[in-house]
Structures are given as structure tokens and as C-alpha cells.
Amino acid sequence: MSDFMFARSQMAMSLAFHIIFAVVGIGMPLLMAMSEGLYLRTKKAIYLDLSKRWAKGTAILFAVGAVSGTVLSFELGLLWPGFMEYAGGIIGMPFSLEGFAFFTEAIFLGIYLYGWDRIPPLAHWLSGIMVAISGMLSGVFVVTANAWMNAPTGFDIVDGKVVNIDPIAAMLNPAALQQVVHMTLAAYVATGFAVAGIHAFFLLRDRTSTFHRRAMGVALALALVSIPLQIVSGDLIAKMVAERQPAKFAAMEGHYRTERGAPIIIGGIPDDEAMETKYAIKIPYGLSFLAHGDPNAEVTGLEDIPRDEWPNTKVVHWAFDIMVGTGFLMLFIALWAAWRWWRLKRLPDDIWLLRALVFAGPLGFIAIEAGWFVTEVGRQPWIIYQVMRTEEAVTPMPGLVVPFTTFTLLYLSLSVILVFLLKRQFVETDPVDEPAEVADGV
Amino acid sequence: MGFEVILAYVMLAALILYALTGGADYGGGMWDLLAFGPRARRQREVIAEAIGPIWEANHVWLILVIVLIFTAFPPAFGLIMTALHIPMSLILVGIVLRGASFVFRKYDTQRDTVHRRWSRVFGIASFLTPFFLGLCLGAIASGEIRVADGVVMSGFFAGWTSPFAIACGLFTQGLFAFLAATYLTVDAKDLPEIQEDFRLRALLSGVSLAPAAALVFVLSHSGAPVIFSGLVEWWAILLQGATSVCAVGALASLWMRHFRWARVAAAGQVTLILLGWGLAQYPYLVVPDLTFAGAATDASTLRLLVWTLAIGAIVLFPSFGYLFHIFKRSEAKLEQGE
């Protein structure tokens, strides 16, 4: 493998690792604040216990997120100095704002985690709200910077030099709103389903546990609200991509030929030589309708894109199908749960629903990883869409196999230890339980 | 004053704040590794209590410095990260291991063997990271990183492999260790024996800073001539005089057990050292081929950045005030529950 591919792999690996913790840093504070809010309103100790136990898991994950985020900020220069020299002045602004948001998040998380007995309950809850808000804003700012790479605006190029920089226009680029909404909702979906899945797992073992029942209720509420919104947001972002990045869109859909009444292509094997996606399921007129709201609209295929500007079609198409597939699976499970909840007038605990929720636990995170593969691999060969190629941005440093291997091993061992620690955190310590209130709703 | 000058000062200020807060957190990790004797576990607990709630927030100062470089002075960021790829990667490994092992130790089983294993990783990472930080700053100041037409000409080993840079690394370690031990005397004020332990450590590390500083100064003559010529200017001599007053004041306060005064003096000492270094290096961002003005991006970005920082500060400093108010007001109460 070339140094260039090692640089890309190290960046992909670092992002794929960090995104999990970043998402937890956005989603968990909201769950903790919801639960603590319920405690302040109902005075049921179980919600306080729940917040505290969630906070412990979050503390571990947040620390790993803080350090793996630092790694990324350095790696922008270590691996892509050409990109940063070019774009630093244009997209540094959202990173600076993210710095402040992250400062605020770290400060109030410190207060939240260590301040249970030191400040009044309301101040503590408000600290949690601050963590939730600043965590969400951190994500928003970083995603606008990524959106700029897809839709670069707010500058001019004169004689190959960047001039007339307008950092605000760069931040409010045409891809920003759709990407920000999609990623923020993704964080809530993934955290909601993952936490609901964990507590569903414990409920399957002991269905009388009020603790896990309440915990699942809070997490499920977040998941049920956010997944339908996420499906809508997915439609909006797809329309934006269809309009602005036809190559990415065509690769996502495995769509080679420019045509009217284009079908949706699900699964199959994209074959760049034969220019078709073989063995796929096709829904006639679906793609034209989804992309442009008209079943007879023309959809650009890869044939109209210069061959050296194609992304890797297999990776992008399959990652896209995984993202959409997991998204709809979660939607169906959510609808089922919502229907049961509404019918029973209390949190449902049917065995098959609990099993489905356990199964859905990791789906949100799988969708996020797949989604980032779609947007990042789908943008290739560009690092800044139609402005700078990724290979122009890479460091001249030789021997990149060394840092790639080092960080991969480092992150792998951290992952193993984390799984072990979190399991310990949840399995080996028994929560306080209040068996008297099994029957009432959440 | 141009916006790039304001931003250069802000970066220096952020770096100083990182040294005063995050630097002391590394120092805490060093004393964690060096804890021995019957009170070793108790010392470690005091250290963990002191840095637990604040280290992540303190760490963001470093991220702020990085973000400011690449936003305001983008060419400098690319060039520094290219020329110093190797030590910067080692800093990252250190940062990851330090943070992860600290939080793993807190939440893993508290059995002695496990606790000791995480302590060892935490301590070693806390030792090495400041060394490489100092190494990188020394390399940037050394004048050995050469740039022409926006390309690094001096390869991937220039600057940071010199005796001067290595001396900077060792000095940074000593400085952070001294800072941490001095802070910890205040954090441990309800535990007289532990307080004495840290007093002794602060005195030892504080005294050993003097020859280390002299070594850096002497090596800078040939190892970083631009810095050396800056450091012998009249204002720099005055500044070094003030630094010495702080250093002696910190040691005298420690000796006489005026721990709060010692903390202030030690912080003053670190501030003045970094200030002197920063002023001696100005106007160079990377000595000798890259100046702040030469690396600055568009004025529109710089102006907006200054405003953002001003507004951000309004949010940030009260928040930090609240954090330190909660956890440093009633130092070392050491109630167990979090």
C-alpha cells in the first residue's frame, strides 16, 4: 500500500474511532439530563441513580473522545498539510467555535461528574443541560467544516491563491444545514437505540427490574422521536447531494446510466467495467422520484462523470445501502415499540420486542459509520470538492505505515479495554431497585 | 497593532494557560509514577482528586492553540506538522495513553495490581508527553527548520534532535513537575503528612530547575541563536530578573510553608518563562523563515477570529471560574463520593 493510502487509512480509522465517542458525548448528556429532570420532577430516587450510573459510563467514553479528538486536530496537519495550508483560514472558524463549545462541555461535564454533592440539585441539572447543549454545538460546528469540503464556498481563487475569504459564508455553505441536522439526529438515534438495547438486554434477564425498565423508557423515548425525523432528514440530504454532487449520488445509488424514470437500485454488485449494478433489486422510477420529486426526472449517471473523478463505487454503494437499511430497520422497530407502548399504556416488555431492541442496539452506530463512509469515500478523489484532490493534500512524510500501525494498535487495545470496563460497569454492580412500582407507566 | 499580532499574543496566552493548568496535570502524573513509601496510595489519591474534575477542560487550551495556528496562520500549521511529524505523533500517543489510563484507573477494579498497572501507564505517559512538547517548542525556536516556497527543506529530523531541543524537553518536564508539586501542597492542606511529601518534592524539583534553566540558556547560544540574542536584550534581562524573583519567592514560600504564596509564585515563574521565550522569538512563528505576519491568513478571517475569541472569553472565563470555585475552594476535603 502507498503512503497516500496509509494516510487515508489512518484518517479513516481515527475518524471511525472518534465518531463513536463524539456521538456518545452528544447523546448521553441529553439522556442524563432527561433522567435527572424526571428525578427533580417526580423525586423518584431511581432516576437519580440512573443519571449517576449513566454518568459513569459517559465519563469513560468522554475522556476517550477528548483525546481521540485531539488526535484528529493534529492529524489534519500531520497527514493533510496541503489541505490545511489551503483551507485553514477558510474553515478554521467553525473549529474555533467548536473549541469554545468543547471547552464549555468539558468544564460543565467536570462539574456534572464530580459535583453531585457540591452544588444544589437544580444547578447540577442545569450543568447537565449545558453539557448537552455544548456537546450538540461541538458536533454542529465540526460538521459545518466537513460540509464545506463537500460544498466549498466563501472564497475566491486568483492565480491559484485563496483570496476574499468570507468565513461566515464558508460556514453557512449549501451542504451545512442538511449535514448538521442529519448528524445531530444520528447522534440521538444511535445513543437512544444503543442505551435502550442495553437495558432491554437486562430486562430480558429480569423483567421485574424497575431500574432497567425506567432506563429503557427514557432512552426509547429519545429513539422513537429521533428516528422518524432522521428518515426525513435523510431524504433532504440525499436531494441536496443529488443536486450538488452527482458523482457521489450516482455511486451511492450504483447508478451508471443517465436516464429518465431511473429506478432505485438496492444491493447488487456495482461493476465499473460493464457500467451496471448486477444482481440488484430495482424499484422502477424510485430514484427519479426521490432525487427530484418527479418519477420522470433525469438522474445523472456515472457515465457523465469523467472516469478519474469517480469514487469507489462498491464501497459507496454498499455503505449507503447499509446506512439506509439499518435506518429503516430501526424505524420499523420504533414503530412497533411505539404502537405497543400506546396500546398497553405503559412501557412494553414483550419478549420479542425486547429482543428486537437488543438487536437494534448497535444499528445506529453501524449506520453512522456507514454514513461517514458514504460522504467521505463518496467525495473522493476530492478533499475539497472540485477544488483540491486528496493526493495533492497529503504529507510528504514517508513511512506512514508506522503511525498507521501504531494508532491502529493503540485504538484496538483501547476498544478492547473499553468494552471490558463498560461491561464491568453495568453487569457487576447491582442498581438499587424499587420493585413496588413495576406496574405504572414511565 | 495588526490582528495577527493580537492573535499571536492570544496563542501565547493560551499556551501559558495550558502550561499552568494542563502542565500541572502532567506534573501530577509524574508524581503519581514517583509515589513511593507507605503513603504512596494516599499521594495518588490526592493527585487524582486534584486533577480529576479539571484535566479535560485544561486540555482544551492545547486544542485552542492548535486551532488558532491553523485558522490564523495556516501555512505554519502545515509546515510545523510536516517538519515535526515524528515528535508530534509521539505527543499524540502520550496524550491518548495519559487520558485513557487516568480514566480507566478510576473506573476499573480497585485491586492493587490493576490499579498499579494503570498508574504506571498514566505516569509514564505523563512523563513523556511534556518532554516531547518541550522538544517541539525547542525545535520551532532552534532555527534549524528551514522553509522555502512553502516547502520544508530541512527534512523530518531537523530541530527536534538537537541538544537544545532535548534540553527544552527536560526543562519542560522539570517545570511541570515543580508546578504540580507546589499546587499539590495546597490541595493536600488537610493532610499534613502528604502536604510535607509534596513540599519536599516541590523544593527538590524547584531547586533542580535552576541548573536546567542554565543549561537551556547556554545551549541556546549555538542551538537557538535568535532566541539567545532575544534573551540578552535589556527587557529580557529584566524579565529574567523577575522570573528569578518568582523562583526564589516560590522556594522561600515552600520552605516557610506559605503554600498559597508558593502556588502564586510558581505560576508567576512559569508565566514569565514562557512570556520571555515568546517575546524573544517574536516576530518568528517558525525561526527563521516564517513570521507571524508572513503566515497570517486573510484579514477578514483574523478580524472575525479576534471577535470570536473575545465573545468566547465572556462565556469561557466565568465557566472556568465556576469550575475552579467548586473544586478548588474547599481543597482536599476528600470526601469520597463524587
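In the predicted model, Tyr279(A) is found in the loop that runs between β6 (276–278) and β7 (281–283) of chain A. Although Tyr279(A) is not a glycine, its phi is positive, at about 55 degrees. Tyr279(A) is exposed, since 8 other C-beta atoms lie within 10 Å, and a residue counts as exposed if that number is 12 or fewer. A positive phi, of about 60 degrees, is also found at Lys345(A), which is not a glycine. Lys345(A) is placed in the loop between α10 (313–344) and α11 (351–360) of chain A. With 8 other C-beta atoms within 10 Å, Lys345(A) is likewise exposed.

Pro381(A) belongs to the loop between α12 (363–379) and β9 (382–384) of chain A. In chain B, a cis peptide bond links Val287(B) to Pro288(B), with omega about -5 degrees. The loop that holds Pro288(B) lies between β3 (284–286) and β4 (290–291) of chain B.

The contact between the chains draws 56 residues from chain A and 52 residues from chain B. On the side of chain A that touches chain B, α2 (45–79), α3 (81–114) and α14 (401–427) of chain A each supply at least two residues. Of the elements there, α3(A) gives the most, with 23 residues. By class, this side of chain A consists of 35 nonpolar, 16 polar and five charged residues.

Beyond residues up to four places away in sequence, Tyr107(B) touches Lys56(A), Ile60(A), Leu421(A) and Gln425(A). Tyr107(B) counts as partly exposed, because it has 17 C-beta neighbours inside 10 Å. Tyr107(B) and Ala214(B) are separated by 107 residues in sequence and by 42 Å in space, C-alpha to C-alpha.

Helix α14(A) has 27 residues and should span 39 Å at 1.5 Å a residue; its end C-alpha atoms are 38 Å apart, which agrees. The buried residues of α14(A) are Pro403(A), Phe404(A) and Phe407(A). These buried residues pack against α1 (3–42) of chain A together with α5 (85–107) of chain B. For helix α6 (residues 176–205) of chain A, the 30 residues should span 44 Å, and the end C-alpha atoms are 44 Å apart, in agreement. Of these 30 residues of α6(A), 25 are buried, so the helix is largely enclosed by the rest of the structure.

Within chain B, helix α1 (residues 3–33) and helix α11 (residues 259–281) pack at an angle of about 145 degrees, and their axes are 10 Å apart. The crossing of α1(B) and α11(B) is right-handed. Residues making the contact include Leu12(B), Leu15(B) and Ile16(B) of α1(B), and Val270(B), Leu274(B) and Gly278(B) of α11(B).

In soluble globular proteins, nonpolar side chains tend to be buried together. The largest nonpolar core of the model has 275 residues, of which Cys136(B) and Val286(B) touch the most other members. The largest share of this core, 21 residues, is contributed by α3(A). Not counting residues up to four places away in sequence, Cys136(B) touches Leu84(B), Pro87(B), Met88(B), Ile91(B) and Trp160(B).

Terms used: Residues numbered from 1 in each chain as written. Chains lettered and ligands numbered in written order. Predicted model: local features only at pLDDT ≥ 70, side-chain atom pairs only at ≥ 80, totals over all residues. Contact = placed C-beta atoms within 7 Å. Helix = DSSP H or I, 4+ residues; strand = E, 2+ residues; numbered from the N terminus. Nonpolar A, V, L, I, M, F, W, Y, C, P; charged D, E, K, R; others polar. Axes fitted to C-alpha atoms, helices over the stretch in contact; angles between N-to-C directions. Left-handed = near helix turned anticlockwise from the far one by under 90°. Core = buried A, V, L, I, M, F, W, Y, C linked by C-beta atoms within 7 Å. Buried ≥ 20, exposed ≤ 12 C-beta atoms within 10 Å, placed from the backbone. Expected span 1.5 Å × (residues − 1).
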